Amino acid sequence: MGTLLSEARPPANSLASMGIDVAGSTFGIHTETTSYVFGLTGEGLLRHLHWGGRIELCDVIVEPLWELSTNDLIQDVTPQEYPGHGRFRYNEHCLAIMFSDGGRELDLRYAGHDLGAALVVHLRDDRGVRVDLHYEVLESIDVIRRWVVVYADVPVSVQAVASAQFHIPYRDLDLRNVAGRWGAEFQEIVQPVTSKVVLESRRGISNHHHNPYAVLSRQATETSGQVWGMALAFSGNTKTVVEQTQYGQTLVQLGINDADLAIALNAGDSFTAPAVVATYTPHGFDALSQNLHDYGRSLMEPTPRPVLYNSWEATNFAVTCDAQIALAHRAAQIGAELFVVDDGWFGRRNPEPTGGITDGLGDWWVDPAKFPDGLTPLIDEVHQLGMTFGIWVEPEMVNPGSDLYAAHPDWIYHEQGREPDTARGQYVLNLTLAPVQEFITQMLDDLLAENVIGYVKWDANRPMSQVGAGRDVWYRHVQALYDIVREVKRRHPGVLFEACASGGGRIDFGALNVFDDFWTSDNTDALDRLDIHRGYSLVYPPQAMRAWVTDVPNFLSQRSIALTFRFHSAMTGSLGIGCDLTAMSDEDLRASAKHVQQYEQLRPLMQRWHRLENPSSNDYRLIQYSSPAGAVLFVFLPASRLGHTSTTVRLRGLEPTGRYRFELDWQTHVARGDYLMNRGVRVWLQGDYASTVIRFDRVDDEGAV
Ligand code: DGJ
């Protein structure tokens, strides 16, 4: 009844390559401090053996696995690396195929491996399907990347294809993700995994609700405890399954969503599924975030994102050349480095009620009524003022009233015989059509060739629907989006692209592969943003998190928050300003300029983000950055409540023996890193919406006070 791995103890003469070693039929994928191990069973299955702290393959003991009963058979009992649908497999499977005769049984068996820059393990089903499992190591940041390629030797329809499955050898883990909606993205959720949890997007974008990752933990805090994190690099329909199996383990699977999916492969075709990024740490959520932030930053241009001014909240659709120039003057006055004209500069995109959201999209010509001499006078002025010029576009969409739609009504997603859906008064262009791809690429190419533009905000303000007959469209739309952005960037190197989908609807590592930063949320309320930033920061790097200071009362919360608090909140991300600067008082303009200047001075120190725990008071909200040169501490007091008092803040990420100079209570101090991390500093704010920023500079040659 029992089944054993073919080799219980692999021979010691292992073949090592880039953190990967293979000993007999056991495979080890090692980062600096972690190992991921799997091996071949006597049944030809790939059995997961370990994902956690670093181990050596020669020590691996392969405990026998038994069929527990006639209902618990070996395919299900074995924690498989990449199980196919079929046979006695009832927990989540990774791959489901329909053969041309309607058959759906898959029996994937190990068929060899190759070891190069990555480990590629070959699986094969005798009916003509092969799968390559790719494992790549990013050793220094404790991250592994996995992806799969499915090859068809006969015509098949792929009905489900996950990118990876993981096994954690414990029950009763906590799952962290986010739950949100437009204007309330990235609200942290924590839930014990006692059965099966599915988090997904079916909207064609990574969406505002859940995000395509899973973070699992055992009694972890920010600084202690085992944490496993996995994130899918894909910006469309995704599915994350977390399942406590009946065999004492937790299974995690990530991939494109199999809801409404069918990918037809002819003989000779292949399909590459998006990658999953995975990391493990025994040191809590902060360490997990550092690894994932490092990964995210490795995808980004290293130069800091410029301080941005964006016109959206100031002017809405009522864009005119003169009004934008007036804003640009004020933006330059307060120190903005980039001036972005948002929605409203093109087509017949007029303020409601004469037009508004039902016209303009698709007609990417400069509105002569608003810009009689084109964009050049504005762009020249912005450059004269020392700023980069940026522009908003929503290339995937078209309005029913546009010339583009009149010329190409067949370019939108729609179901034959049904009225096409509008949302925000717009249709979604069918990006899987070659002429649509060419149109968008050429439109952006022309826009960037005819105008000196350094930044493009790419928006998408509605989910997809009515995609028609093709059930692979959900996937191909996203691939086309990536291809277009890449191609435009190839033609216009150096132009930065911001990913926006009605705020934070398109935030994921797939987007960060091609875009340069994210619009995090349309909710610009400075207090709400602290929660949104916290949720975002678990996985994604703060350097890509755009945050604006906007006018009060905030359009969404109707809350009026002090300007300093608004700046400090936005400074925890990549700073932007979205106020109507022409209506701002001189005093606030002067204060804004000071804040921008302070941010620019702090920016070099703002590298590693830490969500500080606050043991002595729950009134304060604390965010800290660290870097080799020092640290920055943001302290927020939203409301001075009953019994409000000071709090002691212990810093993180400092050099224990390094010396740091800082100012506290109007006095200058120098203290060692271990003092600041172990004893900490006492901070006391008073009043509602109070906040402060404390800068710690590394000054090793100065004595402690
Ligand atoms: C939604 C975005 O999130 C906003 O920042 C703004 O660009 C509007 N769209 C413009 O229509």
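**Cavities, barrel and helix packing in the predicted model**

The largest cavity has a volume of about 80 Å³, a cavity being a set of points on a 1 Å grid over the protein atoms alone where a 1.4 Å probe fits but cannot get out. Volume here is the space filled by probe spheres set on the points. Residues lining this largest cavity include Leu45, Tyr82, Arg87, Arg89 and Asp107, lining residues having an atom within 4 Å of a point. The count comes to 8 cavities of 30 Å³ or more. The model is predicted; local features need pLDDT of at least 70, side-chain atom pairs count only at pLDDT 80 or more, and totals for chains, interfaces and linings use all residues. Residues are numbered from 1 along each chain, and side-chain values use heavy atoms, without hydrogens and water.

A closed barrel of 8 strands runs S22-S23-S24-S27-S28-S29-S30-S31, with parallel pairing. Strands are DSSP runs of E of at least two residues, and helices are runs of H or I of at least four; two strands pair if DSSP finds at least two bridges between them. Strands S29 (residues 517-519) and S30 (residues 545-549) pair in the parallel sense over 2 bridges, and phenylalanine 518 has methionine 545 in S30 as its bridge partner.

In helix H5 (residues 376-384), Leu378, Ile379 and Val382 are buried, that is, under 20% relative accessible area with a 1.4 Å probe, protein chains only. These residues lie on the same side of H5 because they cover an arc of only 95 degrees around the axis, taken from the directions from the helix axis to the C-beta atoms. Just after H5, glycine 386 takes a positive phi of about 85 degrees.

Definitions and conventions
Buried < 20%, exposed > 50% of the residue type's maximum accessible area, 1.4 Å probe, protein only. 1 Å grid on protein atoms, 1.4 Å probe; cavity = no way out; pocket = protein on both sides within 12 Å on 5 of 7 lines; lining within 4 Å.
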